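Please look over the structure below.

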Amino acid sequence: PAPLSSASPCGVCEASMSSSRHKHAAGLSALPFGLSIKQVACASVAICFGVGQLALLWAVLRSAGCQEHPELSVANLHVAVDIGPWRHPRWEIWPFGHDDARATDSVGAARVGIVTGGTSDLFGGGEGAYGDATACLLRLLAQRQGYAFYAERALQRLGGDRPVAWQKVKLLAERLADVDLVIWVDADIAWTTPEADLGALFLRQLSTRAACVGHMGQPRWESIAGNVAESTSGGEIFLWASADVRPKQQRNMNLNSAVIALRSGAEARRFLAAVWAEGEDLYGFTKYNPSWQKQPVGHHYWGWPFEQGGVWTVLERDSAFLARTCVVEVGILHSVQYHRWRPNGPLGAHMPGMSSADRRKAACRHLSASVRSGHCAETLRQCPDLFTGRLLAAHAQGLCEHCLAPAEVVGQDPSEPSGEVASRRQDANVSDWSLFDCSCLQAA
């Protein structure tokens, strides 16, 4: 065929048809790939039509003057489309808008992000799915205080090259640059202080020598940990964690990583990268766990102390990191052990060593305090994991009325006659809630 002419987009079709007629006249009945002359001709016409359409579209765009009016171009069409509030791809809740500017020098303007998560068995409404309740408590905190929030409900999807608890390091590293202060909370911690101002807590109250020095109980590291706090030598605290309850141990650092906070910056990036690198040695944890062979591979506690051991190793190896780490007195960030929790005490009730079912029951007891204060339906709409997912939102009021006394439901007047209440319930929702477990809504 003759080459395509810019003046005649269908020149290739005409040439192809001419060639086909020539071959037919010459008696060439066999074509490549077993195609008939009719099939080749039809394909040529289709190509001709497509080329013609592209040429027409090009001519229309030129005549529309898109080059002279870039605001009308395809690349800028999003300017004229209202897509609603911008959602950050790495956060479930992102209250800060599209602007990436941050103000780390101002505690009040600091962007705070909360991250939590666990494996998929901890979520989904089962009797042992305690992550449903603990994540709900943190989500309510984030909504109330204007923090970013993310809960990873299938931590195992992030990789299988190490025990799954290590993946929280990856989650934090991915979100560190988005905020000024990122806080990790283990899924077995029920948050019990919904009014806590975490920006002021970490960046101001827990950045003093009194808050950061002298709480590990281990002379080996006591003189180093947190000693930059309020010093004139430069530097500032970048990592916060709680002291543990075993100061007499010599092998392991008396530091618990169930709740950690990181100030965004180069120091935190280097620290997380160093901790993650420790996990590349699959058996590196054994130096901290002499009885590790008692748990078979695949056991929930195989690999303990997980990423916490990586934190210990990096802080012990690099005294500059340790000097900028605030090891907070035990019982402030979380209880470390559940029996140590008291009302108006630790920020969170830690539940290590308990069964999944007991953890859910305990977390639901803490959640019920918020639910029973007159915000049941609102809580369920914000925390769909508690029962059957987002489809429950439309029926939240009915479930709340089934589980709670009338006076504990939003908008209910305690003086309203019981007959009118029952009638209104029947009219408002005819669903049968008898199979639903009310334990996360009712206090024990």
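The questions and answers below concern a predicted model.

Q: Is strand 6 largely enclosed or open?
A: Strand 6 covers residues 255-263. Buried means under 20% relative accessible area. Of its 9 residues, 9 are buried, so strand 6 is largely enclosed by the rest of the structure.

Q: Which residue of strand 6 stands opposite Trp240?
A: Strand 5 (residues 239-243) pairs with strand 6 in the antiparallel sense, over 5 bridges. Trp240 touches several residues of the chain, including Val259, Ile260 and Leu262. The residue opposite Trp240 in strand 6 is Ala261.

Q: How many residues apart in sequence are the parts tied together by Cys136 and Cys383?
A: A disulfide joins Cys136 to Cys383, with S to S 2.2 Å. Both cysteines are buried. Cys136 lies in helix 3 and Cys383 in the loop between helix 12 and helix 13, so the pair ties together parts whose separation in sequence is 247 residues.

Q: What is the handedness of the link of Cys212 and Cys326?
A: Cys212 in helix 6 and Cys326 in strand 7 are 114 residues apart. Cys212 is buried at 1% relative accessibility, and Cys326 is buried at 0%. The angle about the S-S bond is -95 degrees, and the link is left-handed.

Key
Residues numbered from 1 in each chain as written. Predicted model: local features only at pLDDT ≥ 70, side-chain atom pairs only at ≥ 80, totals over all residues. Heavy atoms only, no water. Contact = heavy atoms within 4.5 Å. Buried < 20%, exposed > 50% of the residue type's maximum accessible area, 1.4 Å probe, protein only. Helix = DSSP H or I, 4+ residues; strand = E, 2+ residues; numbered from the N terminus. Pairing = 2+ DSSP bridges. Disulfide = S-S within 2.5 Å. Lists of a residue's contacts leave out its neighbours within four places in sequence.
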